Amino acid sequence: MTGRPDPESAPQSPAGVQRRHDPAVRGFASDNYAGVHPEVLAALAAANGGHQVAYGEDVYTEHLQEVFRGLFGPAAEAYPAFNGTGANNVALQALTERWGSVVCPATAHINTDECGAPERISGLKLLPVPTPDGKLTPELIDREAFGFDDEHRAQPQVVSITQTTELGTCYTPEEVKAVCDHAHDLGMAVHMDGARIANAAATLGVEPSRFTTEAGVDVLTFGGTKNGLLMGECVVVLDPSRVRGIPYLRKQSMQLASKMRFVSVQFEALLADGLWLRSATRANAMAKRLESAVRAVDGVTVTRPVQSNAVFATLPGEVIERLQKRFRFYTWDEAAHEVRWMCAFDTTEGDVDAFATAIAEEMHNYS
Ligand SMILES: Cc1ncc(COP(=O)(O)O)c(C=O)c1O
């Protein structure tokens, strides 16, 4: 006996750890509120035990390259990262020079929800463009893609689009291609924030390469956390000739996991057998179910096309407040009384129906 603890024989529920939440309670605030998909947890356990080389030289990360090449073509290179903000910033840095700027929709996560990381950490100027639906078009890109060769203007070098968008809308493959063709004609590269790429693939019903590699996207941030991973996003380079220095940028940006096998194996669990599409299909279907239930409620107006796992709606402010005491969700636009309801891979028909009933009750009490 060495007295050394044996990790393989560790008890399932360590003493002193209790469940401190009710797993039956689900809200509609964010797909990040959901837990970890059981198949992903099982994959983490399978990757445990023994020693593996750290910092991505492990067999899981090696295999992941094949998995991503299978999805996005033989040139694809995958760089697992901890989170979406970090992955987006690594991608943008790899596509730009020190005088570069990035054209993006005003609603883009990089513009609204990354605490200025593109500016502070990546040293980039963002050129946000207001859009009606969260999507860029060639015409909208032109609002900010100008001043090439003017030393007074941060040089537009990247167009960043989000699939599905922050407003729950989904670009068609043709729309992505139009953006990419235009950006490339201008000498710019294209980054896609795919935090919810699985929801887009489920909505469009096409291979993900159709609206990424084949449409001309150069670098993709492939989302995992919102679709059942414990944590993990992946920078996927689709055109390696467009990027420089990703391994260094990932480390400098504090996105290099030492125990990378545990990030990589989660993506393997998600991608190997279609779990990513099954989960996203469920989340999208639950959003559709919620949409059709609330469309029947007087006083509730669905404000945006439901093309993913998000439902946006307006309803009286007083009703929003009452509902938020019963279910978690966020107000998207305070002034317009517009809310965002998100479904996740684990949202059930029962969750949706209970929420829709609560909405109808509160509207009834109000009117
Ligand atoms: C469109 C989009 N991109 C990226 C992210 C990832 O952000 P995080 O840094 O929280 O993983 C999110 C999460 O809210 C998002 O909605």
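Tutor: Start with "near". A residue is near a molecule or strand if one of its heavy atoms lies within 4 Å of it. This model is predicted: local features need pLDDT of at least 70, side-chain atom pairs count only at pLDDT 80 or more, and totals for chains, interfaces and linings use all residues. Residues are numbered from 1 along each chain as its sequence is written, and side-chain values use heavy atoms, without hydrogens or water.

Student: Which residues are around the ligand?

Tutor: The residues are N83, G84, T85, N88, H109, T162, E166, D193, A195, R196 and K226.

Student: Why are α12 and α13 called oblique?

Tutor: Helices (H or I, at least four residues) and strands (E, at least two) are DSSP runs, numbered from the N terminus. Axes are lines fitted to C-alpha atoms, for helices over the stretch in contact, and angles run from 0 to 180 degrees between N-to-C directions. Under 35 degrees is roughly parallel, over 145 roughly antiparallel, 65 to 115 roughly perpendicular, and the rest oblique. The axes of α12 (residues 317–324) and α13 (residues 349–366) cross at roughly 135°. The pair is therefore oblique.

Student: What is the handedness of this crossing, and which residues make the contact?

Tutor: The crossing is right-handed. Contact means heavy atoms within 4.5 Å. E318, V319, R322 and L323 of α12 meet F355, A358, I359, E362, M363, N365 and Y366 of α13.

Student: How many of these residues are nonpolar, polar and charged?

Tutor: There are 7 nonpolar, 1 polar and 3 charged. Nonpolar means Ala, Val, Leu, Ile, Met, Phe, Trp, Tyr, Cys and Pro; charged means Asp, Glu, Lys and Arg; the others, Gly among them, are polar.

Student: Why is α1 called oblique to α10?

Tutor: The axis of α1 (residues 38–46) crosses that of α10 at roughly 135°. That makes α1 oblique to α10. The crossing is right-handed. E39, V40, A43 and L44 in α1 meet F262, V265, Q266 and A269 in α10.

Student: Where do the axes of α2 and α10 stand?

Tutor: They come within 9 Å and cross at roughly 35°. This crossing is left-handed.

Student: What makes Q163 to T164 and C115 worth a look?

Tutor: Most residues other than glycine have a negative phi, and most peptide bonds are trans. The Q163 to T164 bond is cis, with omega near -10°. C115 has a positive phi of about 55° and is not a glycine. C115 lies in the loop between α4 (109–112) and α5 (117–120).

Notes: Left-handed = near helix turned anticlockwise from the far one by under 90°.
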